[in-house]
Amino acid sequence: MAHESESALESVEDTSRLSESGLPVEPVYGPQDLASWDPGKQLGEPGAYPYTRGVHRTMYTGRPWTMRQYAGFGTAAESNARYRQLIAHGTTGLSVAFDLPTQMGYDSDAPLARGEVGRVGVAVDSVDDMRVLFDGIPLGEVSTSMTINAPAALLLLLYQLVAEEQGVPGDRLTGTVQNDVLKEYIARGTYIFPPAPSLRLTADIFRYCQAELPRWNSISVSGYHMAEAGASPVQEIAFTLADGVEYVRAAVAAGMDVDDFAPRLSFFFVARTTLLEEVAKFRAARRMWARLMREEFGAKNPKSQMLRFHTQTAGVQLTAQQPETNLVRVTVQALAAVLGGTQSLHTNSFDEAIALPTAKAARLALRTQQVLAHETDVTATVDPFAGSYAIESMTDDIESAALELMDEVESLGGAVAAIERGFQKNEIERNAYRIAQQTDSGDRVVVGVNRFRLDEEEPYVPLRVDPAIEARQREGLERLRAERDGKAVTTALGKLRKAAEGKGKGKQPKPNVLYPMKDALRARATVGEVCGALREVWGAYTPGESV
């Protein structure tokens with residue numbers, strides 16, 4: 001037996017494996033791997049530039065990360081009930097999922113919405129739905145993240161209107177609106193307008209939040225969806241940070257000072273089961289962003305240099321086969337996010353590869369975070385991997401590869417120009433194909449799928465969405481249009497169109513469309529009507545269209 005173990009060890013020592021990004025992972029790391037490494041330059045202190053070790057000095061030793069659970073399905077009332085359950089079980093932040101019609105700026109009674117209402121998230125057509133969605137939830141006390149992009153401004157304003165009805169002023173609201181439309185062109189496809197007006201809308205949200213919602217994160221630049229589409233860890237952070245650079249440039253071009261808006265920028269990444277590479281990825285991303293903001297944009301406020309991010313465990317790695325195994329996967333992924341220094345975390349439910357999570361599965365996902373926070377020692381010290389030969393080497397390797405990829409994007413003219421040429425999408429698809437080939441051949445082991453399978457899967461009863469939801473939403477819209485002041489809505493939408501057409505005078509920025517947009521929503525204009533008014537002015541994006 002001893003002889004067999006020694007032989008196995010020798011074979012391991014002779015062969016390095018490749019990481020998810022295709023970078024070599026050595027069987028053994030040592031001092032020689034960090035021979036020219038400067039801890040003062042590469043690490044610094046926690047809470048200090050370049051923030052490799054974390055954006056806060058005390059990290060989780062003071063308090064744990066924000067525990068979010070992403071939820072939303074069916075009607076606003078059903079989602080509200082799930083939110084209340086999660087809060088009762090200890091969730092400290094809500095993450096709202098919207099259905100596809102809402103994400104695309106269509107009302108539930110639009111022909112294109114047929115069959116999709118309430119299926120992958122909650123249907124929100126107007127301020128009436130938003131009011132029901134957060135009924136009984138004190139918006140001045142809970143932090144809310146909304147996964148919405150092209151119509152992000154509308155959902156943010158609806159949230160603010162409901163908060164005002166609760167008596168909560170804008171300066172008390174905390175949360176994040178995703179608002180990252182560039183990654184929609186790359187990986188998801190739920191875009192509405194062409195890139196140029198979309199970037200204008202993003203800059204308007206930055207300006208509006210600075211003036212009206214100072215504690216709100218005005219964007220969550222998202223690598224998560226690229227990873228779900230097949231991006232490697234290096235591609236994930238390279239393309240995400242390149243998008244972040246494009247947003248900063250758009251805001252500066254609109255007349256904003258970088259230190260006025262950059263402290264409220266946030267990011268959103270995935271956490272995979274490859275724990276070591278994920279920890280290195282998060283540390284590299286922080287360092288890269290800090291240097292970009294200081295050296296390229298001249299940001300002086302330390303908060304402008306901090307890459308603050310939310311993490312979600314990898315939905316794409318969940319399996320429908322032996323779904324309980326996903327509990328183990330999610331635990332490893334969550335641990336990677338925590339050891340990597342995330343600010344907030346959503347843990348996927350084990351049954352999400354099959355259907356919308358049941359209440360029990362969502363509770364178990366939350367319990368995973370609570371066990372990590374309260375029963376392990378990962379919150380006892382800051383950045384426990386600092387100085388690790390393996391982690392520091394992998395961090396440097398990922399940073400170098402990601403910077404090289406960002407240079408390729410820059411050589412094409414920046415993120416938008418690269419999107420128009422299909423660069424990011426093609427690179428991600430190439431990597432996704434590589435992963436699929438490895439899985440099909442068995443070179444990449446997926447437990448329960450291509451190894452350790454069962455002859456017969458155990459039965460599972462998924463959560464089902466009531467097909468009558470669509471009819472109820474349509475009836476609600478019919479009542480809304482009958483009850484509201486139609487003339488007021490028409491007038492408000494006209495003012496919104498005029499603002500969208502505005503060019504700005506001299507060096508003055510274009511009119512901020514969020515103010516007339518809020519007036520229209522207050523008058524009970526629907527999401528579809530507001531997006532339709534903007535489509536009339538800005539047009540709708542078609543893949544391959546140039547700026």
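Trainee: At what angle do the axes of α10 and helix α16 cross, and within what distance do they come?

Mentor: Axes are lines fitted to C-alpha atoms, for helices over the stretch in contact, and angles run from 0 to 180 degrees between N-to-C directions. In this predicted model, local features need pLDDT of at least 70 and side-chain atom pairs count only at pLDDT 80 or more, while totals for chains, interfaces and linings use all residues. Residues are numbered from 1 along each chain as its sequence is written, and side-chain values use heavy atoms, with hydrogens and water left out. Helices (H or I, at least four residues) and strands (E, at least two) are DSSP runs, numbered from the N terminus. Here the axes of α10 and α16 (residues 389-411) come within 8 Å and cross at roughly 50°. That makes α10 oblique to α16; angles under 35 degrees count as roughly parallel, over 145 as roughly antiparallel, 65 to 115 as roughly perpendicular and the rest as oblique.

Trainee: Is the crossing of α10 and α16 left-handed or right-handed?

Mentor: A crossing is left-handed if the near helix is turned anticlockwise from the far one by less than a right angle, and right-handed if clockwise. The crossing of α10 and α16 is right-handed. Contact means heavy atoms within 4.5 Å, and the residues of α10 that meet α16 include V234, F239 and R249. Their partners in α16 include I398, L405 and E410.

Trainee: How does α10 pack with helix α12?

Mentor: α10 (residues 233-253) and α12 (residues 275-295) pack at an angle of about 25°, with axes 10 Å apart. That makes α10 roughly parallel to α12. Here too the crossing is right-handed.

Trainee: What is the order of the strands in the open sheet?

Mentor: Two strands pair if DSSP finds at least two bridges between them. The open sheet has nine strands in the order β7-β6-β5-β4-β3-β11-β10-β9-β8, with parallel pairing. β7 (216-217) and β8 (219-222) stand at the edges, each with a single partner strand, so one side of each has no neighbour in the sheet.

Trainee: Which strands pair with β3?

Mentor: Four bridges join β3 (residues 66-71) to β4 (residues 93-97), and the two run parallel. In this pairing Y70 stands opposite S95. Helix α15 (residues 359-375) packs on the sheet, touching β3 and β11 (344-346), and its direction makes about 170° with that of β3. β3 also pairs with β11 in the parallel sense, over three bridges, where T66 stands opposite S344.

Trainee: How many residues of β3 are buried?

Mentor: Buried means under 20% relative accessible area, exposed over 50%, and partly exposed in between (1.4 Å probe, protein chains only). Five of the six residues of β3 are buried, so this strand is largely enclosed by the rest of the structure.

Trainee: Which residues lie on the two faces of strand β6?

Mentor: In a regular strand the side chains alternate between the two faces of the sheet. In β6 (residues 174-177), T174 and T176 lie on one side and G175 and V177 on the other, and all are buried. β6 pairs with β5 (residues 143-147) in the parallel sense over four bridges, and S145 stands opposite T176.

Trainee: Where is Y159, and which residues does Y159 touch?

Mentor: Y159 is in helix α6 (residues 152-165) and is buried, with a relative accessible area of 1%. Not counting residues up to four places away in sequence, Y159 touches M130, F134, L139, V142, T144, M146, L173 and W216. Y159 and M130 are 29 residues apart in sequence and 6.7 Å apart in space, C-alpha to C-alpha.
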